Amino acid sequence: MIVTPFQDPPPEGGAVEIAEGVLWLRLPLPMALDHVNVYALEDGDGWTLVDTGFDSRRGREIWAALRQGPLAGRPVRRVVGTHHHPDHIGLAGWFMQTDGAELMMSRTAWLMARMLVLDVQDRPSAQALAFWKRAGMPADILAGRAAERPFNFADVVHPLPLGFTRLAEGAEVRFGRRRWRVAMGHGHAPCHATFWSLDDDLVIGGDQLLPSISPNLGVYPTEPEADPVGEWLDSCGRLAELARPGQLVLPGHKLPFRGLPTRLSQMIDNHHHALDRLAEALREAPRTAVDCFDILFKRRIGAPEFGLALVEAVAHVNHLRHRAVIRAVGERDGAVLWGA
């Protein structure tokens, strides 16, 4: 059973205390998933922040209000980045610059974030265009994207100074007046850190442990043969060994919840059902990855969601390929057709 003990999220610039010395904060996002949860944990005369939100004028203004309000003017001593995505580490470098904060991340997450911030592109690369075409992106959308400036991490992520503290699988770390066991998840992001309190029932889940949605599992032009779905399923199985019904999970989006064993089972089952539907459809007729949207998502995919839907469709196709359930059976206008 999944229970959400806190039904009302914190207001903009405000906080909700959800455990002793632990504040739940929210920052807005300019997309369908319109928020990211961040957490401030008391640490002596300052704070440890878990994730930060985007680097934007509005984000900095909200943090100014949070500093004077719930954070009571005390400095940020440490930023913990659960993973490298920009809504989670967008302002990590800013806090390092303004407060001299320590940054704690996995090595892979830090390298990914720093590389992507430095990789500014005015137009999509030839590799990206070929990847999208191979996946079945319609010609009109492909042409539009080829002429547009793509999303760049640097647009919403403050530069990351050199130097960080590495988080590793199985390590014990201390912040927020608690000891935490670090457990890594994979699939949504490489080396995504989750934290399991050794002193009470708190679990910091980031995007690895969400209550009512599943995080995007995507394949990108940087690693077109990747199998994030397989990595995700493996991670859910490993993390299930640490999960207990009474733990309060602090997720990166939506509401804090209890009932983690049930939620992990749901997420595993949901992806297995999606894979079964996809395998059955491809037994009936070959499809491109984009042709699989209706099978995987069972709803209309609009322009704002198209990119995320494409990379997730490729991820599910790749998983079935790696299991030798499907194979390439032809092409259509440069897009690969997959069949049983």
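**Helix 8 and its contacts**

I note that this is a predicted model. On the helix 8 side I listed His271, Ala274, Leu275, Leu278 and Ala279 as making the contact; helix 10 contributes Glu312, His316, Val317, His319 and Leu320. By class, the residues of this contact are six nonpolar, three polar and one charged.

I then checked the length of helix 8. At 1.5 Å a residue, its 25 residues should span 36 Å, and the end C-alpha atoms are 37 Å apart, which agrees.

Which elements do the buried residues of helix 8 pack against? I found strand 10 (192–197), helix 7 (228–240), strand 12 (248–251), helix 9 (293–297), helix 10 and strand 14 (335–339). The buried residues include Arg263, Met267 and His271.

I traced an open sheet of seven strands in the order 1-2-3-4-5-6-7, with mixed pairing. Strand 1 (16–19) and strand 7 (165–167) are the edges, each pairing on one side only. Neighbouring strands are turned by 30° against each other on average, direction ignored.

I noted Thr165 in strand 7 as the bridge partner of Met104. Helix 4 (residues 107–118) packs on the sheet, touching strand 6 and strand 7, and its direction makes about 105° with that of strand 6.

Technical notes
Residues numbered from 1 in each chain as written. Predicted model: local features only at pLDDT ≥ 70, side-chain atom pairs only at ≥ 80, totals over all residues. Heavy atoms only, no water. Contact = heavy atoms within 4.5 Å. Helix = DSSP H or I, 4+ residues; strand = E, 2+ residues; numbered from the N terminus. Nonpolar A, V, L, I, M, F, W, Y, C, P; charged D, E, K, R; others polar. Expected span 1.5 Å × (residues − 1). Buried < 20%, exposed > 50% of the residue type's maximum accessible area, 1.4 Å probe, protein only. Pairing = 2+ DSSP bridges. Axes fitted to C-alpha atoms, helices over the stretch in contact; angles between N-to-C directions.
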